[in-house]
Amino acid sequence: MSPEKSLKRYRTLLKKIGWSAFTILFVVILNFFLFRVLPGDPVKAGTHDPRFKKENQEAMRVRFGLDKPVINCFETLNPVQTGDCWINPFETQFFLYLRNLARGELGISYHTNGPVSEILVERLWNTLLLIGAGQILSIFFGIVFGLFAAWKARTVIDYSALITGLVAWSLPTFWLGIILLFWGSAKGFPIGGRITPGISSFPLSYQIADIARHMILPTLTYTIVYMGEYLLIMRSSLMDVLSEDYILTAKAKGLSTFQILKDHALKNAMLPIVTIVAINLGFTVAGAIQIESVFSWPGLGGAVYEALERRDYPLLQGVFLLIAVSVVIANLIADLMYSYLDPRVQME
Amino acid sequence: MADDIILEVRNLKKYFQAGRPGWFSRREEFVHAVDDIDLQLHRGEVIALVGESGCGKSTLSLTLMGLEEATEGSILFEGVDITHATNQQRKKIRQRIQMIFQDPYESLNPTQTIEEIVTEPLVVHGLTPKPEERRERVRQALEDSGLKPAEDYLQRFPHQLSGGQRQRVVIAGALVLEPHLLLADEPVSMLDVSIRAEIINLLADLRRARGISVIFITHDLSTVGTFADRVAVMYLGRIVELGTMEDVLKNPQHPYTRALLSVIPVPNPRLRRKRIILEGETPNPIDLPSGCRFHPRCPLAMDICRHKDPQLLPVSDSHAAACLLVAQ
Amino acid sequence: MTMALPTAELKPSIPSSPFTDFWKLFRKNRMGVIGLVMLVLIIFVAIFAPLIAPYDPDSSAGITSRDLYNPPSAEHWFGTDDAGKDVLSSFMYGARVSLIVGFFAAFISIVIGGVIGIVAGFYGGRVENLLMRFTDTMLVIPDLPLIVVIVALTRPSLLNIIFVIGLLGWTTTARIVRSQTLAVKSRKFVLRARAIGAGNGHIIFNHILPLVMPLLVVNAILVISLAILNESTLSFLGLGDPTVTSWGQMLNFAFGRGAMSAGAWWALVAPGFGIVWVVLGLTLLGHGLEQVLNPRLEAHHLMPGRPTVQGEANLQPAPQGIKRESPVLLDVQNLSVNYVNEGRIMKAVHNVSFQLHEGELLGLVGESGCGKTTLMMALMRLLPAVGEIANGHIYFHGQDLAALTEAEMADVRWSGISVIFQGAMNALNPVRTVGDQIAEAIRKHLPEMPPGVVDSRVMELLELVGISAEHKDHYPHQYSGGMRQRAMIAMALSCNPQVVIADEPTTALDVMIQAQILELLDELRKRLGLSVIFVTHDLGVVAEMCDSVLVMYGGVTAEYADVDTIYNAPRHPYTQELLKAFPDLTRPDKRLVSIPGYPPKLDALPTGCRFAPRCPLAFERCTVEMPELHSLNGGIHVASCHLVEISPRPPSSLMPRRVEQD
């Protein structure tokens with residue numbers, strides 16, 4: 001590759017990373033102001049929460065400077081109270097929020113009285129486990145069924161796949177979860193959580209098997225809902241690709257149907273899937289919130305549900321930030337992957 | 001006779017910015033789409049602009065229409081400099097200069113009826129507020145364009161017409177404003193050969209009946225035939241040869257014109273000629289060749305051609321070419 | 001004035017507007033209609049809930065503790081809930097909330113997204129950059145968590161929920177509308193409107209909006225369903241408006257208040273069923289609308305083709321072809337191709353016969369829609385799924401290609417007959433390198449060739465067509481138009497075929513590049529001794545290159561002769577008219593005459609001679625009787641015209657002839 005082209009690629013890469021960094025900054029700022037602009041300044045109000053220990057209230061007040069003005073010129077934003085504009089910007093809540101964020105401090109949960117960051121780290125892995133398994137399965141089945149539907153277009157296989165996809169797409173995730181839970185509990189599946197309490201004394205293989213048993217229903221819910229969408233996209237994408245002229249060229253060259261599907265259709269048809277996976281990450285999180293709420297899965301989505309139920313605002317703030325930042329980063333990765341896969345994008 | 005000249009183009013240049021100076025590169029790059037063109041068009045005259053894609057003929061027409069801003073030089077229309085006209089002036093001028101596009105499938109809005117399409121210019125310019133008068137003008141324009149009787153077409157949609165009929169609708173939409181100058185950008189190249197003649201003949205009849213001047217842009221000289229009075233051959237943003245149709249066809253001076261004429265297929269198997277086939281493709285209009293911009297592909301290139309940029313010099317009263325061989 | 005009047009063009013039938021056309025198509029779309037009916041039903045239920053609901057869900061009058069979680073019964077069709085209320089009544093009132101939130105929130109989103117999309121797409125530049133950057137930023141922020149946070153921090157009322165969902169749901173709309181606006185803006189009719197003198201406002205409202213609207217409607221349906229799903233999720237998470245009954249809230253109560261342990265499936269199924277009903281209805285409607293507005297042939301190149309039939313007996317035997325010294329390579333006899341779609345049969349090619357000799361270059365000419373490409377695809381057995389060979393034989397090396405199985409045919413393709421397709425950009429796979437695509441064919445047909453030899457053969461082929469071998473690892477988009485066509489030629493030659501079909505190989509190329517490609521093709525044909533069928537509408541190219549010419553009209557042979565006869569002594573009026581319309585640079589004073597009208601549509605073929613409606617010499621017989629193929633000059637010239645029969649030159653006897661197989 002010529003140096004000019006590699007410079008160009010490098011530049012595009014930097015641009016994309018820079019843009020994601022900017023988006024993260026936007027999320028960070030949004031996360032601060034949302035919780036202070038909206039009624040009642042729950043962060044400040046929450047420090048009077050009866051569940052919240054006195055020493056924690058004090059620690060929070062000092063660390064997050066809750067007695068300091070929100071930003072320059074404004075003591076509080078809701079209700080709006082103006083203040084000193086010439087105050088040292090480092091003496092504002094906003095700066096302290098950024099400083100604490102840089103140190104990885106996201107506040108103290110009203111409910112557990114422990115640091116929010118610690119709660120989230122553990123839950124992030126649980127969510128990744130669930131989403132990861134669900135994504136892999138739904139992408140796999142979506143692609144396989146979509147492939148068959150398009151290949152066997154206008155046959156019974158195609159129509160049943162299409163209807164299945166449309167119905168699956170229309171199911172509210174949480175409701176499907178409830179129905180599966182209702183059905184599963186009668187069949188002896190665990191009704192919630194990640195692991196049976198007290199099993200930690202058993203050998204590791206038992207524990208893994210137990211987690212897997214707990215994962216079956218949530219993963220199934222996830223797979224059904226998202227498979228529908230991937231199936232529809234794969235089908236329509238492959239229908240487009242298979243009616244392209246280069247497929248006719250491949251057929252004219254004497255290649256077999258299998259060879260054409262494998263060497264000419266699959267990669268081209270997969271490209272839109274990569275984009276959709278990226279754009280879908282936001283929806284994926286939405287799905288995780290619903291599934292984890294229904295199955296009491298101790299992940300980030302479950303944390304949202306608990307934070308809402310318990311009015312635990314520091315936890316809600318932390319979860320939101322972590323989810324948003326993860327989605328932005330995952331989006332960046334998918335975007336870079338796309339430009340790796342499609343030579344036309346690569347060279348631009 | 002300055003009055004006789006309807007359009008005069010002086011040193012016209014149109015560059016497009018290709019690379020923007022940014023954090024990583026300081027170099028500014030330009031596409032030299034139209035690079036120093038002089039041209040005079042007489043009232044009632046038809047001139048054919050001929051060249052391959054990328055020679056700048058379409059950019060030239062868009063610049064003349066005011067749809068692209070000229071980088072340098074001036075355009076005089078009916079004696080008035082319109083190069084940097086304001087939007088108000090421009091709107092007035094557009095009643096007098098109209099354009100016909102290459103693809104009649106693309107240049108009609110599929111959601112409008114033929115009547116709406118042909119009426120639109122009148123509405124935009126606030127002409128003929130009386131509905132009967134307006135309808136009469138639209139009807140007249142359609143029939144002048146060969147869509148008779150107009151009533152059969154008014155309520156139809158473009159997709160219900162054939163390619164030739166659509167191009168007639170486009171022409172009617174231009175005629176309804178009673179223009180003095182018509183820019184026809186490859187008006188027949190998307191049509192089947194069997195119906196090209198009817199569009200060319202229609203334009204020829206309009207020119208005869210209304211004295212409209214026409215700039216006919218094409219990549220294929222054979223389609224213009226006797227319709228054009230003069231021919232301007234373009235290569236990489238420049239006019240390399242300019243002369244009457246007869247001058248150029250019978251006595252081409254520039255090596256590029258000769259090559260271009262030789263490769264146009266002739267429908268006569270007894271006349272299989274020796275073709276001059278140029279090597280390679282038209283160079284990138286960003287990095288222009290030094291000297292004569294045709295020299296890298298010229299079969300007759302001399303040493304001097306690499307350094308000296310030839311000017312358009314007269315060969316006879318009606319014929320000029322930009323080639324150092326001609327100048328000698 | 002000899003202006004050709006469009007007299008032969010069709011008189012207008014009843015003018016139909018795009019809207020009536022649309023409705024006609026939509027009515028046939030089963031999914032769309034089912035979706036619409038589902039929606040109409042649920043909207044009916046929502047509007048008339050107070051009239052048809054058996055109980056008032058807000059009133060707890062007369063409910064006792066025995067009424068909690070009662071299974072479905074005659075009084076309570078859907079059972080009762082945790083508070084003893086009638087689930088069916090709540091279900092009916094719940095439809096109102098879902099639909100209100102869905103429609104109003106989507107309205108907000110569509111307006112914001114539509115305005116941002118159109119403004120960004122239309123004005124471009126800095127405005128676009130700024131708006132789209134903002135949109136992209138909003139797009140990656142996951143919307144449900146954000147909606148949850150905002151609703152949790154504000155008072156959860158219906159109005160709040162509508163606004164929050166509406167204000168956050170516009171991003172995809174903005175992107176879709178922007179790209180559609182860009183696409184519409186680049187179309188020539190917008191440029192034409194500018195050339196007329198129209199201002200931005202006029203263009204946006206008269207030219208952009210009408211073309212963005214259909215897409216916006218389809219998108220609106222998707223946005224409505226997302227808003228409904230978001231609302232139900234919010235309510236399920238306990239963030240719904242406590243003063244109204246919604247489906248999500250019913251699920252929240254049932255799930256949170258022991259419906260699971262009580263086994264009260266009805267309290268869980270009914271509200272969820274409502275959500276699925278609405279969303280599925282919307283999805284089906286959206287899917288149907290999209291199919292109608294953006295019709296794609298639900299067909300592709302891998303669908304199984306129709307088998308060959310021999311459906312036309314008693315055809316006049318194939319006339320003798322043009323005599324040549326070299327042996328016949330490809331002998332096509334009485335070939336007919338039909339398109340069969342939804343029971344309708346369209347005769348695309350009818351009774352075409354010709355012989356291709358070794359080393360011969362046969363030109364196949366005619367206007368677009370005359371069946372040229374269909375005929376070529378039939379030779380390669382590459383007809384679309386609706387096409388079938390309805391009659392005839394294609395003899396190649398003694399084999400009838402029309403009778404081969406798909407697998408047998410795959411061996412003949414490329415190693416026996418290869419194709420240079422029109423538009424090489426689309427005929428090459430954009431995500432694979434050019435060299436790889438050439439090598440693939442070699443590997444298929446010469447599997448014993450070692451990889452290193454394949455590689456050097458690819459480079460050799462590229463050099464042969466004038467592309468330096470180092471370009472073999474480049475992708476098609478890195479090639480120029482001329483290079484792509486050269487690569488296509490290299491690919492066609494890769495397996496040493498005897499016959500090459502060139503289907504308009506130079507269309508859309510500049511004259512000089514066209515000359516380069518034609519020169520290359522001619523040179524290679526002579527060097528490699530190829531037989532070529534050259535499909536084109538350019539009579540000039542045919543005259544310069546071909547040995548013999550087959551003129552097709554409306555799917556039948558009009559005239560078939562050697563090139564000199566076609567140009568200097570044509571007998572068919574169609575050939576004569578085509579030549580009159582074709583410009584000749586050596587005769588610039590020639591007055592060109594168009595052929596009025598256009599070729600017949602396949603579903604409305606004339607009863608007699610297919611050219612009769614446009615023929616200047618047509619007489620009565622032509623409109624009723626289809627002319628036979630007449631052999632002239634002892635079989636080297638064939639024309640299908642009644643005039644040939646009448647003409648002083650007597651047609652030579654039609655000798656039935658069988659091909660000597662080698």
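Me: How many bridges join S6(B) to strand S7 (residues 181-185) of chain B?
Reply: This is a predicted model, in which local features need pLDDT of at least 70, side-chain atom pairs count only at pLDDT 80 or more, and totals for chains, interfaces and linings use all residues. Residues are numbered from 1 along each chain as its sequence is written, with chains lettered from A and ligands numbered from 1 in the order in which they are written. Strands are DSSP runs of E of at least two residues, helices runs of H or I of at least four, numbered from the N terminus, and two strands pair if DSSP finds at least two bridges between them. S6(B) and S7(B) run parallel, and the number of bridges joining them is 4.

Me: Which are the edge strands of the open sheet of chain B?
Reply: The sheet has 8 strands with mixed pairing, in the order S6-S7-S8-S3-S9-S10-S12-S11. An edge strand here pairs on one side only. The two are strand S6 (97-100) and strand S11 (313-316) of chain B.

Me: At what angle does helix H10 of chain B run to S9(B)?
Reply: Axes are lines fitted to C-alpha atoms, for helices over the stretch in contact (C-beta atoms, placed from the backbone, within 7 Å). Angles run from 0 to 180 degrees between N-to-C directions. H10(B) (residues 255-263) lies across S9 (230-235) and S10 (238-244) of chain B, and its angle to S9(B) is about 105 degrees.

Me: Which helix gives the most to the side of chain C that touches chain A?
Reply: The contact takes 63 residues from chain C and 64 residues from chain A. With 10 residues, the helix that gives the most to the side of chain C is H13(C).

Notes: Contact = placed C-beta atoms within 7 Å.
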